[in-house]
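Let's take a walk through this structure together, one feature at a time. Have the view open and turn it as you read.

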Amino acid sequence: MIEAVLCFLVWGFVLHGMWRGYRRAQRIDRYVLITWIIFISLGVVFTLRIKAVQPFIDAYFHDYPVTFLVSLLAVVAATAAYSLSLKWLVQRSPDVYRLRWFHLRLIQAAPGIAGLLLLLMTTHIAGFVSSFRLEYMMKWLVEGYGLLQSALVFVPINRAMFRQEQVFPMRVKHLATLVLTATFAISAAFSVVFIPPIILSGHPNQWPYFIPRGLIAAFCLVIILVPHRWLTLLLLPSRLRRYARLAALENHIEQLVPIRREALAWSQALDPEAMEMAIYVTVINILDHYRRVDLGDPRGCELVAQIDALWPDCAGYDDLVEGLCRIKL
């Protein structure tokens, strides 16, 4: 049931993201196309991995593991497409990450991996390989390819992009992508190590499935696909805390010198952009009036000294805001 719910969520966000992206761009270029291939392939994987779906489809193909084969082909397609998109990205941003020689080789290997999967299915249909060993042999092949891609390409590039990104919603999305690729790498490593004994002995074990990759991947994909403005809501608690501290400081200054303050409406408190503007206005009001405080007043003298002490240590606006929030009243 959980798998089905996550599958519907993933498909909902995929289709919504495709529609929204096309509406904004009004054209389909290679970047849009490769992104669609990635997310549609992942949606196919989640759909075909639902236990109730597999026997229903396989029954139309004489119970051959067609759904398993198609899901693995979709994994290969998504892996190669994502690797290709990262290749274009690092070519455009060499200051973030330098393109490695093996990156292109791994992309070029994808058709060969797909061909080997089809060859293995052919040997099963011909009666040379049992269904049990076929599935594990195909899984081992795809997991090995995924391990190379994720360990050598996906994790290093996404780690570099996460460190480089400064915008909060994009940092969250990069973090989700990094978690997704790292999970893929770890689970693929488990499969590469523990599947060969299964193939040789004919007895299954749970070690290749030790990492709950499906649930983690679905959760990360939902985060990656949600609109940016939804993620900014995560900042509301910290922004409300900032505003409360700054408003208290502004009120303290108002008790020492006459100033004009702007009240915060309840509707603004639930709007991240309005809250950011309210914080900015409050900071400007504080900086415009704190120097008017009478230094003969001990309270005012201490307050001015605390604010003046911030300037050498505040390299930017965010540092200044945090410094003002730490002022002792």
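**A walk through the model**

On the surface, Met 277, Tyr 280, Ile 284 and Tyr 317 make up a nonpolar patch with about 360 Å² of accessible area together. Patches consist of residues with over 30% relative accessible area and no salt bridge, where like charges are joined within 9 Å and nonpolar side chains (Val, Leu, Ile, Met, Phe, Trp, Tyr) within 5 Å. The accessible areas come from the Shrake-Rupley method with a 1.4 Å probe, and for residues only the protein chains shown count as cover.

Before going on, keep in mind that this is a predicted model: local features need pLDDT of at least 70, side-chain atom pairs count only at pLDDT 80 or more, and totals for chains, interfaces and linings use all residues. Residues are numbered from 1 along each chain as its sequence is written, and side-chain values use heavy atoms, with hydrogens and water left out.

Which helix gives the most to the nonpolar patch? That's helix α13 (residues 272-289), with three residues; helices here are DSSP runs (H or I, at least four residues), numbered from the N terminus. Ile 284 sits in helix α13, and counts as partly exposed because its relative accessibility is 32%. The cut-offs are simple: buried means under 20% relative accessible area, exposed over 50%, and partly exposed in between (1.4 Å probe, protein chains only). Val 283 is in helix α13 too, but at 1% relative accessibility Val 283 counts as buried. The C-alpha atom of Val 283 is 9.3 Å from that of Tyr 243, 40 residues apart along the chain.

Now for the salt bridges, of which the structure holds six. Each one is a side-chain nitrogen of Lys or Arg within 4 Å of a carboxyl oxygen of Asp or Glu. Side chains of opposite charge can pair when their charged atoms come close. Glu 143 pairs up with Lys 139, their closest N and O atoms being 3.1 Å apart. Both lie in helix α7 (residues 131-164), four residues apart, about one turn of the helix, and both are buried. Glu 143 also meets Arg 213 in a salt bridge (2.6 Å, N to O). This pair links distant parts of the chain, with Arg 213 in helix α9 (residues 213-225) and Glu 143 in helix α7, 70 residues apart.

Elsewhere, Arg 241 and Glu 322 form a salt bridge as well (3.6 Å, N to O). Here too distant parts of the chain are linked: Arg 241 is in helix α11 and Glu 322 in helix α15 (residues 317-325), 81 residues apart. As for networks, salt bridges that share partners join Lys 139, Glu 143 and Arg 213 into one.

Let's finish in a loop. His 62 is found between α3 (53-58) and α4 (66-92), and Asp 63 has its place in the loop between α3 and α4 as well. What is phi of His 62 near? The value is near 55°, positive in a residue other than glycine, while phi of Asp 63 is near 65°, also positive in a residue other than glycine. Most residues other than glycine have a negative phi. His 62 counts as exposed because its relative accessibility is 70%, and Asp 63 counts as exposed at 61%.

Note on methods: Helices (H or I, at least four residues) and strands (E, at least two) are DSSP runs, numbered from the N terminus.
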